[in-house]
Amino acid sequence: MTITTQATTPIPGQKPGTSGLRKKTRVFMQPGYLENFVQSVFNGVGGIEGRTLVLGGDGRHFNDRAAQIILKMAAAAGAARVIVGQGALLSTPAASHLIRLRKADGGLVLSASHNPGGPDADFGVKYNIANGGPAPEAVTDAIHRASEGLRAYRILDAADADLSRPGEARLGEMIVEVVDPVADYADLMERLFDFDTIRALLAGGFRLRFDAMHAITGPYARALLEDRLGAAPGSIVNATPLPDFGGGHPDPNPVWAADLVGAMTGPEAPDFGAASDGDGDRNMILGRDVYVTPSDSLAVLAANAHLAPGYADGLRGVARSMPTSRAVDVVADALGIPCHATPTGWKFFGNLLDAGQATLCGEESAGTGSDHVREKDGLWAVLLWLNILAVRGQSVAEIMADHWARFGRHYYSRHDYEGVEAEGAARLIDGLRARLATLPGQSFAGLAVTAAEDFAYHDPVDGSVSRAQGVQIGLEGGARVVFRLSGTGTEGATLRVYLELAEADPARLHDDPQTALAPVIAAAEALAGITRHTGRKAPDVIT
Ligand code: G16
């Protein structure tokens, strides 16, 4: 078998964002585009000769072809072994676990996460490091630099590897090891949670509905919830992964998982509902007639994690992304453990988890996880919720009411303005940045500003500093608004406006969030001029 060295030129924009490189699928399918990026990854990490990598993806359009190209390039680069999920499939948390379990040097995950899939939708490639977590900024910067100087890529001239069944084969000198994508991950879950107690709950008539959104978690949810825990057949819906996610948008929020929200409404609804995203790292939690915001979910999990065997010794600390509500801060205070605030992006949790400074982490963007892997983990959150529900013997609504009564409620919502003109979005953020020093003391729509900053993160473990991570503005009465631009979109800019109001008054714990937040929403518009800068009168997505 021969190795071809293909001359190429740098392709602008191959800079990994919040979570890997995400582009339109057709961009990735252009001759040489994927190859340039993969070679830049290999070069950026100092070469992969003799190394072991993990490879898999969420099954979206181009997943299978991309996997074959990557295998041939890894072989050409001298990798010793690539461990691939059968069919080139692996959920993001399962990939993270496999990297750790097999002590691999890193891994490539093919996914654009919650973005739609298909030839006219999105594709992505993420590189994870040896701890199983997303590449930190130093590594993504090195990859980007490598892409800017790329002159050639190398690829083995060989037939496609057979990824259809578990086993080992050679591709050139490299071993391709195909593994069951589910088994190791399911075993890990069984070690963390009390499966007997959950099994008893489900046998006692507790009904659940898990919506896999035609994405990667279908086979994982079937194996865990139906096969190992005995949930009634049919509890998992949209369980077959499809290359275009059935034409849906595999983002588990009330907008894109509206079917599930509908199914969880009314007296006949199941007791528990959940969904996960394209690559299985996000989650949405629902009870009958109740939606749990991701920020609240993190707080409830932190307050109750000790009820699961894997966390029986308590938590060493918790971490949330800066825009995530401060509900978990209140729990951490009560538990007497540290609470860290990091920039958006799971990669920022890696050091805290490795250093044992945090056990649980979470984000407002429907991500929760722990130190069991180095990614957020949708099914893990579902199982921890089930474990808590089984031990406490209460409904989701009762658990939420208890939680708010004890810790107060943090009303929370995120307003997204998607695909807006990039210049207008940048002007809005820059305009706020320029006025930060003068904002405190001024009032907007009747609310006085108490603090204003452009969030910068000082990593307590490696001392690195990440600046300009979002404009955070404190308002009187325990309110807060954060403005930032998404790092995961593929068209124009997406402006995210995060709105929060802390409420301790027992008489005001059960209002509609948009109503409770109305003054904060008005203040956000007055502060930033959202309509003026984006031309939009209302957000595209409210979560
Ligand atoms: C990714 C990151 C998350 C981040 C989310 C939203 O999630 O891993 O840490 O919170 O994007 O980021 P942004 O606000 O920049 O769009 P995923 O599920 O897409 O990998």
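In the counts used here, Ala, Val, Leu, Ile, Met, Phe, Trp, Tyr, Cys and Pro are taken as nonpolar, Asp, Glu, Lys and Arg as charged, and the others, Gly among them, as polar. The model is a predicted one, and on that basis the shell around the ligand divides into two nonpolar, ten polar and eight charged residues.

**Surroundings of the ligand**
- The ligand is surrounded by 20 residues, and the closest of them are Glu363, Arg484, Ser486, Thr488 and Arg496.
- As for its location, the ligand sits in the largest cavity.

- In the side chain of Glu363, an N or O atom lies 2.5 Å from an oxygen atom of the ligand.
- An N or O atom in the side chain of Arg22 is 2.8 Å from an oxygen atom of the ligand, and for the side chain of His114 the corresponding distance to a ligand oxygen atom is 3.0 Å.
- On its own the ligand has 460 Å² of accessible area, and the protein covers 99% of that area.

**Aromatic pairs**
- The count of aromatic pairs comes to seven.
- One of them is formed by Phe62 and Phe123, an edge-to-face pair with 5.2 Å from centre to centre and 65° between the planes.
- This pair links distant parts of the chain, 61 residues apart, with Phe62 in the loop between strand S3 (52-57) and helix H3 (63-76) and Phe123 in strand S6 (residues 122-129).

How values were computed: Residues numbered from 1 in each chain as written. Predicted model: local features only at pLDDT ≥ 70, side-chain atom pairs only at ≥ 80, totals over all residues. Heavy atoms only, no water. Near = heavy atom within 4 Å. Polar contact = N/O pair within 3.5 Å; in protein donor to acceptor, adjacent residues only side chain to side chain. Areas by Shrake-Rupley, 256 points an atom, 1.4 Å probe, with all protein chains shown as cover. 1 Å grid on protein atoms, 1.4 Å probe; cavity = no way out; pocket = protein on both sides within 12 Å on 5 of 7 lines; lining within 4 Å. Sits in = over half its atoms within 2 Å of the grid points. Phe/Tyr/Trp six-rings, centres within 6.5 Å; stacked < 30°, edge-to-face > 60°. Helix = DSSP H or I, 4+ residues; strand = E, 2+ residues; numbered from the N terminus.
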